[in-house]
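Student: I have a new model open on my screen and would like to read it with you. Could we go through it step by step?

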Amino acid sequence: MAEKTDWEARAANLLKAELKRKGVTYSQLAEKLAEIGVEEKEVNIRNKLARGKFMAAFLLQCLTAIGCQTVRLDD
């Protein structure tokens, strides 16, 4: 299996950090995504974040579903 690139790791870490800040679990994220019409199973979310391979659209869907209005890209 190919290793994550720095960009993939950064995207996954950004989403994980926002989930943690909002106190949202993968299960809750699946529910919140369903509320906005995006069907994703918890296991699929977990796998996407573990691999760090997902589309920008998925990132935006997740951020929207958890009510994230701003994203900080620097430390």
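Tutor: Gladly! One definition to begin: the expected span of a helix is 1.5 Å times one less than its number of residues. Keep in mind, too, that this is a predicted model.

Student: Thanks! How far apart are the end C-alpha atoms of helix α1, and what span should its residues give?

Tutor: Helix α1 runs over residues 6-22, which makes 17 residues. At 1.5 Å a residue, these should span 24 Å. The distance between the end C-alpha atoms agrees with that, because it is also 24 Å.

Student: Which residues of α1 are buried?

Tutor: Buried means under 20% relative accessible area. The residues of α1 that count as buried are Glu8, Ala12, Leu14, Leu15, Glu18 and Leu19. They cover an arc of only 155° around the axis, so they sit on the same side of α1. On the other side of α1, the exposed residues are Asp6, Lys20 and Arg21. The buried set to remember is therefore Glu8, Ala12, Leu14, Leu15, Glu18 and Leu19.

Student: Which helices do the buried residues of α1 pack against?

Tutor: Contact here means heavy atoms within 4.5 Å. By that criterion, the partners of the buried α1 residues are α2 (26-35), α3 (42-51) and α4 (56-65).

Student: What does Leu29 touch, leaving out residues up to four places away in sequence?

Tutor: Leu29 is among the residues with the most contacts inside the largest nonpolar core. With those sequence neighbours left out, Leu29 touches Leu19, Val24, Ile45, Cys62, Ala65 and Ile66.

Student: Now for α3: which of its residues are buried?

Tutor: What covers the buried residues of α3 includes α1, α2 and α4. The buried residues themselves are Ile45, Lys48 and Leu49. Their arc around the axis is only 95°, which puts them on the same side of α3. So, with buried meaning under 20% relative accessible area, the answer is Ile45, Lys48 and Leu49.

Student: Is Val43 buried, partly exposed or exposed?

Tutor: Val43 lies in helix α3. Its relative accessibility is 47%, so Val43 counts as partly exposed.

Student: Last one: which ring does the charged end of Lys48 sit over?

Tutor: Lys48 is one of the buried residues of α3. Its charged end is 4.3 Å from the centre of the ring in question, which belongs to Phe58.

Note on methods:
Residues numbered from 1 in each chain as written. Predicted model: local features only at pLDDT ≥ 70, side-chain atom pairs only at ≥ 80, totals over all residues. Heavy atoms only, no water. Lys NZ or Arg CZ within 6 Å of the ring centre and 35° of its normal. Helix = DSSP H or I, 4+ residues; strand = E, 2+ residues; numbered from the N terminus. Buried < 20%, exposed > 50% of the residue type's maximum accessible area, 1.4 Å probe, protein only. Arc of directions from axis to C-beta. Core = buried A, V, L, I, M, F, W, Y, C linked by side-chain atoms within 4.5 Å.
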